[in-house]
Amino acid sequence: MGDEIGRPVRYGDQAVRQGHGGETHQVAGDGRPSLTTQQGTIVGDDQNSLRIGERGPTALEDFHFREKIFHFDHERIPERVVHARGYGAHGFFETYAPLTELTKADLFQREGERTPAFVRFSTVAGSKGSTDLARDVRGFAVKLYTREGNWDLVGNNIPVFFIQDAIKFPDVIHAVKEEPDRGFPQAQSAHDNFWDFASLMPESTHMLMWIMSDRAIPRSFRFMEGFGVHTFRMVNAQGRSTFVKFHWKPKLGLQSVVWNEAVKISGADPDFHRRDLWDAIQQGNYPEWELCLQVFDDEFADRFRFDVLDPTKIIPEEELPVRRVGRLVLDRMVDNFFAETEQVAFCTQNIVPGIDFTNDPLLQGRNFSYLDTQLKRLGSPNFTHLPINAPKCPVASFQQDAHMTTVNPTTRANYEPNSWEPEIGGPREDPERGFHSYPAEEAGAKRRLRPESFADHYSQARQFYVSQTPVERQHIADAFVFELSKCDRVDIRSRMVAGLRNVDDELAVAVAAGLGLPELPDPLPAAREPIRDLPPSRALSILANGPDTFAGRKLGVLITDGADAALLAGLREAATREKTNVELVAPIVGGIQASDGTHIAADQKLDGGPSVLYDAVAILTTKDGAAELAAQPAARDFITDAYAHAKFVGYTDDATPLFAATGMHNMIDDGFVRLGANADNAGDFLARCRQLRFWQRQYPAFAAR
Ligand code: HDD
């Protein structure tokens, strides 16, 4: 037990540290550990500070009080300057088949190899306490603890970026975050500064199309893609390099919410995304993504219309199909949010032999920024010693000391070369297995410039737009109108519309009309004339690639006293078959008495469980129950919101008084499924829900495929 001294161990639900003999101070009786100071002194009284006299001053000698408050005062560390709000989980990456021809990266050498992984999802602009449903890019940062070191693939759920050169990063981030004089708005791009900057930076146009699309309001982390964004290299054992772009594709398919829903979810449950991930993993529904590669050589790079080093460009999947090479499974939540999710330190520079960088100027700049920011956040270069950041493979180096070190050289030699025998002399470099940068030839004049090959800012923005279904195009136009309406300066609104004229006139006209601009501005001068006929890429649309499953989604069932017990049981069974969760919403959380006299507890009280929290809803009530519901604003919102958000609604005829109170009794459409008509009806309803939304309600001509 000697080597266990001081090691943190779990003791019931408490993390305590063991003593010399591996023991904890235990209180006789219930066996709990005694509360101690950080120095291990058992605390006799944790309720009262040390006083002189019953009503007298507090004594400075109260070391327990001072230590407790001192530690509390220092609990916060600086939040991340971007991606402050995030949520992480553990899991593994499993390799489908060896990729030896492409890379010598150890994790890709053996079929079925499982590499431990930690993933942190995030929003970009808001602070740590902001809402999950902000319209924003989502971070998708993956740490892979390989046998040959940690590889961090620090990506986003959008495959392009706002800027082409890292030197503009502080500007784009300053512009999107709170305005400095007033300290708001929080977690929103809908304000003058952002659109002022964006409209002056034509290179951001492609990214703007993505963040104004439904991609920026995902239904949950489980239903979004991830992208490495940059072109990277893979290098094989023979030293041959191949270019690669990384994609993560969710097994459950893509899904987003609509903006009005996002706004309401932000109030109803600001933790909607983290709760979703927590619930799914706790229930054993482990979310999965496949790692997909787009691999290409110099010849492809030369012939591709755009520069593969430009991070504002994608390579359409139709032009270069993806290859599925493994799966990422998240199967364990953290033990402690701060220790793991908050202290995890991702660095784009963390790569392993077999992976390498390219000259993408955004990536090159990122390689400086991440290491630097971790020092600021975590306070010591020894952040690598924290369990969440430490590699799971052997580490041997001569780096030593600094704040909070937990690992130092233990022998006499702490330098290299040295002539001590191996046990004392320590580690040596390994030319054979060690990392060598790919020896790319570089030459040219030292200048500050933007290459001509980066000059096309609009063609792929247009390609993205024309690849969307009509519903998605409408959402993009609505989002631009919403965001620009929050700008006070009309010239900023107008300049942005002028930029959109280089993308698509239908879009520019719709946005100008939505803003009430007196006239359509002339197009902004373009550095290069946009290509108007890039073929649409179906892979860019969410709706055209609907998952056709309701698995992993949530059905909200509004129940009142007298609700049909058999029908509810049928719904639950059908939902279980469909791998869908059911949550019961009732006027009071204590629950209801069902038609068969049984008592059924609710999961949510009516105004705590609005329909925006569910992917589809059902209403199981009686005529009296419906009349009571009709009198409650929360019940009326429940149904009108579900309708407005194009959700499928299961109902029985008894719900009619509620529909009548909302004026909806004449609006029952094919998105409403009458329950109880036959035994299998619940199953039919759940099968309809696989379409996720009844878009025809808003767009009668809608057909996704
Ligand atoms: Fe960044 C965090 C993703 C450009 C500087 N970034 C951060 C995180 C993600 C990304 C997912 C959160 C990591 C975590 O969960 O801890 N960033 C991206 C992507 C980019 C990108 C996909 C473009 C392709 N970032 C970018 C640039 C710079 C930074 C150009 C600076 C020059 N990013 C940072 C940072 C952060 C960060 C300041 C803040 C917290 C952190 O690093 O750990 O260094």
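**View 1. The buried position of Gln255 in the predicted model.** In this predicted model, Gln255 is buried, with a relative accessible area of 4%, and its place is in the loop that runs between strand E9 (241–250) and helix H5 (259–268). When residues up to four places away in sequence are not counted, Gln255 touches Pro218, Arg219 and Phe223, and also Ile542, Arg553, Asp615 and Leu692.

**View 2. The iron atom of the ligand and Tyr370.** Tyr370, whose place is in helix H9, is the only protein donor of the iron atom of the ligand, with its OH at 1.8 Å. Tyr370 is also listed, together with Arg80, Arg120, Arg366 and Gln374, among the closest of the 23 residues that surround the ligand.

View 3. A polar side-chain atom of Arg120 lies 2.7 Å from an oxygen atom of the ligand, while an N or O atom in the side chain of Ser369 is 3.1 Å from an oxygen atom of the ligand. The side chain of Arg366 has an N or O atom that is 3.2 Å from a nitrogen atom of the ligand. Strand E5 (138–146), strand E6 (149–156) and helix H9 (361–378) are the elements that give two or more residues to the shell around the ligand, and H9 gives the most, with six residues. By residue class, the shell around the ligand divides into 12 nonpolar, eight polar and three charged residues.

**View 4. The contact between helices H2 and H3.** Helix H2 (residues 169–176) packs with helix H3 (residues 192–200) at an angle of about 145°, and their axes are 7 Å apart. On the H2 side the contact is made by Asp171, Val172, Ala175 and Val176, which meet Asn193, Phe194 and Phe197 in H3. The residues of this contact divide into five nonpolar, one polar and one charged.

**View 5. The enclosed helix H11.** Seven of the eight residues of helix H11 (residues 459–466) are buried, so this helix is largely enclosed by the rest of the structure. The buried residues of H11 are Ser459, Gln460, Ala461, Arg462, Gln463, Phe464 and Tyr465. What covers these buried residues includes helix H4 (205–211), helix H12 (470–485) and helix H14 (505–515).

**View 6. The surroundings of Asn418.** Asn418 lies in the loop between H9 and helix H10 (422–425) and is buried, with a relative accessible area of 13%. A polar atom of the Asn418 side chain lies 2.8 Å from the backbone oxygen of Tyr415, and the side chain of Asn418 reaches the backbone nitrogen of Trp420 at 3.1 Å. Leaving aside its neighbours within four places in sequence, Asn418 is in contact with Phe398, Ala413, Gly425 and Arg428. For Asn418 and Arg428, which are 10 residues apart in sequence, the separation in space is 9.9 Å from C-alpha to C-alpha.

Key:
Residues are numbered from 1 along each chain as its sequence is written. This is a predicted model: local features need pLDDT of at least 70, side-chain atom pairs count only at pLDDT 80 or more; totals for chains, interfaces and linings use all residues. Side-chain values use heavy atoms; hydrogens and water are left out. Helices (H or I, at least four residues) and strands (E, at least two) are DSSP runs, numbered from the N terminus. Buried means under 20% relative accessible area, exposed over 50%, partly exposed in between (1.4 Å probe, protein chains only). Contact means heavy atoms within 4.5 Å. Axes are lines fitted to C-alpha atoms, for helices over the stretch in contact, and angles run from 0 to 180 degrees between N-to-C directions. Ala, Val, Leu, Ile, Met, Phe, Trp, Tyr, Cys and Pro count as nonpolar, Asp, Glu, Lys and Arg as charged, and the others, Gly among them, as polar. A residue is near a molecule or strand if one of its heavy atoms lies within 4 Å of it. A polar contact is a pair of N or O atoms within 3.5 Å; within protein, one must be able to donate a hydrogen and the other to accept it, and residues adjacent in sequence count only if both atoms are side-chain atoms. Donors are N, O and S atoms within 2.8 Å of the metal (3.2 Å for Na, K and Ca); water is not among the atoms, so sites may look incomplete.
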